[in-house]
Amino acid sequence: MSARLSSLEDYKKILDDYDTWLFDCDGVLWRGDHLIEGVVEVLDILRQRNKKVVFVTNNATKSRKSYRSKFDQLGVEVHVDEIYGSAYAAAVYLSSVVKMPKDKKVYVIGMAGLEEELRDEGIAYLGGTDPNDNTLEPFDLSKFTPDPDVAAVVCGLDMKINYTKLSKAFQYLHGNPDCLFIATNEDSTYPSAAGLLPGAGSVSAPLRFALNRNPICTGKPASTMVHFDPQRTIMVGDRLNTDILFGQNGGLKTLLVFTGITSEEEIFGPNPSPIVPDFVTQALGDFRIVAEKGL
């Protein structure tokens, strides 16, 4: 069963036991464009204690550089090399693991952040934000000529998803069994300031159904994103099947907060989730008690 943090001693021990702190962002640090109370103070506590702070996000709509801008706007100190996003992970997977040849291309279902990460890794792409693909016109297969250089389809959250993009991606994957099918992440939903919305996993789901094929996932809970000493690292998140499972897959201790997706009922209710975090607390800001007591 998860241990609920409640006392000063609980929070102080957690701070003492772990040198590297991995944080999800949406639902842990902020909801939409609203910072969660106490986040800045707690991150300051960690930095003052010389802890390594890393932000691990499945949000593929922004590149690491543009994500840094969001941190700045919310008044949170962060460096670009402390941010690991699923869009960045997908681009690095293609460039460093697959070693995609320079003459090959990626068809993108996604937004500008995903394109920027691919571009920074020297990977050519089409689709994505191209106006020709962001159209309300019906897709006409008889007028579509596939690009023979497309060797992968990468699918992230796309707030302008349409039948044209799905149809083109399907043609590349169905017509070429060697074409890689990559999902930046498989989150079914994501938390906005006003409530839940469909996530990247919901965008790739039609392709999975049509192809009867699962993509390679580069975001959480896959363990391809970051590697640290598991004995001294803790993963903090709000979602069981991505954040907490990601930590468990990497052999890390895990801390769940209730400011995002997961409710207390899922942990302590009559039918609890089989994914069990090591620790739970209401919000990241609860750690302020350590500073308030001068410890």
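1. Helix 6 packs against helix 7 through a defined set of residues. On the helix 6 side these are L166, A169, F170, L173 and H174; on the helix 7 side, V203, P206, L207, A210 and L211. Contact here means heavy atoms within 4.5 Å. Helices are DSSP runs (H or I, at least four residues) and strands are E runs of at least two, numbered from the N terminus.

2. A note on the basis. This is a predicted model: local features need pLDDT of at least 70, side-chain atom pairs count only at pLDDT 80 or more, and totals for chains, interfaces and linings use all residues. Residues are numbered from 1 along each chain as its sequence is written, and side-chain values use heavy atoms, with hydrogens and water left out.

3. Now the geometry of the helix pair. Helix 6 covers residues 163–175 and helix 7 covers residues 200–211. Their axes come within 10 Å and cross at roughly 40°. Axes are lines fitted to C-alpha atoms, for helices over the stretch in contact, and angles run from 0 to 180 degrees between N-to-C directions. Helix 6 is therefore oblique to helix 7. Oblique is what remains after roughly parallel (under 35 degrees), roughly antiparallel (over 145) and roughly perpendicular (65 to 115). The crossing of helix 6 past helix 7 is right-handed, meaning the near helix is turned clockwise from the far one by less than a right angle.

4. K220 deserves a look. UniProt lists K220 under "binding site" in an unreviewed entry; such annotations may be inferred rather than shown by experiment. K220 sits in the loop between strand 13 (216–217) and strand 14 (233–237). K220 has a relative accessible area of 1%, so it counts as buried (under 20%; exposed is over 50%, partly exposed in between, with a 1.4 Å probe and protein chains only). A polar atom of the K220 side chain lies 2.9 Å from the backbone oxygen of V56.

5. Check the next peptide bond too. From K220 to P221 it is cis, with omega near 10°. P221 is placed in the loop between strand 13 and strand 14.

6. Two asparagines have positive phi. N50 has phi near 60° and lies in the loop between helix 2 (39–48) and strand 5 (52–57). N50 is exposed, at 71% relative accessibility. N212 has phi of about 55° and lies in the loop between helix 7 and strand 13. With a relative accessible area of 73%, N212 is exposed.

Methods. Polar contact = N/O pair within 3.5 Å; in protein donor to acceptor, adjacent residues only side chain to side chain.
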